[in-house]
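Please open the model in your viewer and keep the selection panel at hand. The tour goes from one selection to the next.

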Amino acid sequence: MKKIKIGSVGLGRLGYEHACNIANLVPGAELTSLCDVDAVRVKEVAAELNVPYTYTDVTEMVKNPELDAIVIVSPSMYHADHIKLALDAGKHVFCDKPLDTTIEKCKQAERAVEAHPDKVFMLGFMRRFDDSYAEAKHRIENGEIGKVVLVRSYTQDPRTTIEGTLKFAPHSGGQFLDMCVHDIDLIRWFTGSDIKKVWGLGGVFEFDLYRELNDADNAAAAVQCENGAMGFMFTNRTHGAGCNVETEITGTHGTLRIANVGRKNLLQIVDGNGAREEYYPDFLSRWHQAYVNEIKEFVDCINQGRKPGVTVYDGTKVSQAAYRCKESFETGNLLEVAD
């Protein structure tokens, strides 16, 4: 296998996670360049991970002839622009979710990918690469639970990280776009169908900033797919025990349940407070292996000359549904999801 030389853009929490994974845990990958607007931060991480090239401007980094691929973990509002820059420079591209923060920008990303059919583009819906979720998909495809009737998904982040969450909230695109994209993607993936109707619900129960943003700190949505299958999702960022993600897929012949995976291990603690299990402290620890697996898949696709299962069009479809959920939440109406 050819060693794929990768430049990574963005060194926030997830950007740093990806940089470390590429440098240390992805066979066939070499972290060759880092880019972040914070010049001090990029130099510090480059020294830590032994990365030879550093930049504060993506436009300059993509010109580096040594790079084969770009991993984009920049703020969501820049994703489509960075995708186009990297593809136009002849690089393969992996981009974290969401595809971008508007449908117009998502369509821009589609056009950029279509203009470079010889390049690999992959979007970071990492739950597909978690072992439990991948096995659930395999069992569904084998017909083990019959036709999928309902997908129920809970996504809860720990309240211990709420300070950073509130700082990010004005730029996130809202709960439905920032958090529910994973749940929407799973509903489409497990049902094999696009979403047709949405009804968004929610409210502000604790953090007034979300009211100012016309958003919710606790949100939910009921959806119906084009094939008739149903979905329900709930999300918040104030879970008291840590990172908690649960998914249940009900079919005509059986049910698959990915629950209690919030536990960081099988240890049960029994003391004066009773019996308890400790949760993963944050989303990075819960999905660590999935983040590694998705970059492995990206590198394998480049080396094997094939395209990944997660496409740019998945990103647009999910964003369309997410924005309709937000609009439904704002208006109180059941809405169709149009192309």
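Select K137 and E141 first: being four residues apart in helix α6, they are separated by about one helical turn (helices, H or I of at least four residues, and strands, E of at least two, are DSSP runs numbered from the N terminus). The two form a salt bridge with the closest N and O atoms 3.8 Å apart, the term standing for a side-chain nitrogen of Lys or Arg within 4 Å of a carboxyl oxygen of Asp or Glu. K137 is buried at a relative accessible area of 14%, whereas E141 is exposed at 57% (buried means under 20%, exposed over 50%, partly exposed in between, with a 1.4 Å probe and protein chains only).

This is a predicted model, in which local features need pLDDT of at least 70 and side-chain atom pairs count only at pLDDT 80 or more, while totals for chains, interfaces and linings use all residues. Residues are numbered from 1 along each chain as its sequence is written, and side-chain values use heavy atoms, with hydrogens and water left out.

Next, select R286 and D130, whose salt bridge has its closest N and O atoms 3.0 Å apart. This pair links distant parts of the chain, 156 residues apart, with R286 in helix α11 and D130 in the loop between β6 and α6. R286 is buried, with a relative accessible area of 8%, and D130 is buried as well, with 10%.

Then move to D68 and K2, whose side chains meet in a salt bridge at 3.1 Å, N to O. They lie 66 residues apart, D68 in the loop between α3 and β4 and K2 in the segment before β1.
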